[in-house]
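I opened this notebook to record what I looked up in the structure. The entries follow in the order in which I made them.

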Amino acid sequence: MALMDAVLELADDHLVLGHRLSEWCGHAPMLEEDLALPNMALDLIGTARTLYDYAAKLEGQGRSEDDIAYLRGEREYRNCLLVERPNEDFAHTVLRQFFFAAFMHPYWHAAQDSDDEVIRGVAGKAVKEMAYHIRHAGEWVIRLGDGTEESAQRMRDAVEALSIYTAELFEEGAAEGAPALPSRAAQREAWDATIAHVFAEAQLEMPEVPFPQTGGRKGLHGEGLGHMLAEMQSVYRAHPGATW
Amino acid sequence: MVAEVADICAARAWEAAAAVPDPEVPCVTVADLGILRGVEMDGDVAVAKVTPTYSGCPATLAIEMAIEVALREAGFDARIERVLSPAWTTDWITEEGREKLRAYGIAPPEEPSGSVRALFGETTVTCLRCGSRETEKLSEFGSTACKAQYRCTACLEPFDYFKCL
């Protein structure tokens, strides 16, 4: 069960962030981003689907990927807090994406050597997609951070607001008992290097965080996640058992 | 004798499955793209092994259903197996597939997949219309998950580019 719980944590990270990005569809500040944000959402939701499907097989109770995604409440979700943070402005959204992708890229890179075939398959695909997300989100962090007075202030506000959630990325969570998955803590060095590289170009600084926020892996979430799930799950719950 | 019959069946089943066009880029077949990994006979059932292109490719299910239909129309009982590992890369697109993409107006991937240049550097993309190497990226993402948008600065033609992944 340790592996199933660990796979669920990963899947929840991807679905929640993917859904957050999908909320931008039709609202992005320019056409290019209206394509980019849902495209990145698709990558994340696609990864989540494969992982939910795998978690359901590991559990062996006959639940489907949809049951797991749509019939669990907020306290049963095991995503980290960073991915559930509301979109706020565009600076918040691209910084959240950059923080997450900078973590997942080395993580999937390490997972390519897993002895678990499904994890290897997911990792082989996701590692390249995350590299693409780092590049795209990272370019925006630089453009806004090193941009106008207004854009730089918004990016600094985003750093201030989101940096308190980054330490949780490196908590091992359920994967501690699942050797098929890489250590999260071991990705710290690569993450720090990516952030330092982009922040230097963006004229940004990573603040000291005396009290990091955590709890997502135990099901303790911010207020926003419940609202997000209520909307995301409404159709599935209103029409139980419907297929199309 | 039995083994020979099975081989002939598998070859016929491959032909039927391999001719299925990609639903989003219909100029190329699933065999051209390299996503049809193989067709084997399991008794009387033709088993097609398919690897999805991108994690979130919305066409994955449509492709699998189209292959199954093609096999059934060719007279086989059919089953699809989704193979995730090894993951698909643009390196698996055949030479013929690359030619077809060019003729269709989509620049095929130029760098080996996963190379640092392809992922982080400025990829050099050749203009489909005039052959100039002076092109610029318009958008990192395009009309489908597998494409980016470029423009030729010599002849000004905008065109799709198949991402290196």
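**Confidence.** I began with chain B, where the mean confidence is lowest in helix 5 (residues 116-120) of chain B, at 48, and highest in helix 2 (residues 30-33) of chain B, at 96. The score is pLDDT, the predictor's confidence in each residue, from 0 to 100. Helices (H or I, at least four residues) and strands (E, at least two) are DSSP runs numbered from the N terminus. Where pLDDT is low, the predicted coordinates should not be read in detail. Over chain B I noted a mean pLDDT of 87, with 92% of its residues at 70 or more. The model scores ipTM 0.79 and pTM 0.90.

**Conventions.** I noted that this is a predicted model, in which local features need pLDDT of at least 70, side-chain atom pairs count only at pLDDT 80 or more, and totals for chains, interfaces and linings use all residues. Residues are numbered from 1 along each chain as its sequence is written, while chains are lettered from A and ligands numbered from 1 in the order in which they are written.

**Sheet of chain B.** I found 3 strands in an open sheet of chain B, ordered 1-2-3 with mixed pairing; two strands pair if DSSP finds at least two bridges between them. Strand 1 (36-42) and strand 3 (77-82) of chain B each have a single partner strand, so one side of each lacks a neighbour in the sheet. Neighbouring strands are turned by 20° against each other on average, direction ignored, with axes being lines fitted to C-alpha atoms. Strand 2 (residues 45-50) of chain B pairs with strand 3 of chain B in the parallel sense over 6 bridges. Lys49(B) stands opposite Glu81(B) in strand 3 of chain B.

**Chain A.** I counted 9 helices and 0 strands in chain A. The C-alpha atoms of chain A fill a box of roughly 55 × 40 × 30 Å along the principal axes. Buried residues (20 or more other C-beta atoms within 10 Å of their own, C-beta atoms placed from the backbone) make up 48% of chain A.

**Interface.** How many residues does each chain bring to the contact? Chain B gives 18 residues and chain A gives 24 residues, a contact being C-beta atoms, placed from the backbone, within 7 Å. The side of chain B that touches chain A divides into 11 nonpolar, 6 polar and 1 charged. Nonpolar covers Ala, Val, Leu, Ile, Met, Phe, Trp, Tyr, Cys and Pro, charged covers Asp, Glu, Lys and Arg, and the others, Gly among them, are polar.

Note on methods
Two residues are in contact if their C-beta atoms, placed from the backbone, lie within 7 Å. A residue is buried if 20 or more other C-beta atoms lie within 10 Å of its own, exposed if 12 or fewer, and partly exposed in between; C-beta atoms are placed from the backbone. Axes are lines fitted to C-alpha atoms, for helices over the stretch in contact, and angles run from 0 to 180 degrees between N-to-C directions.
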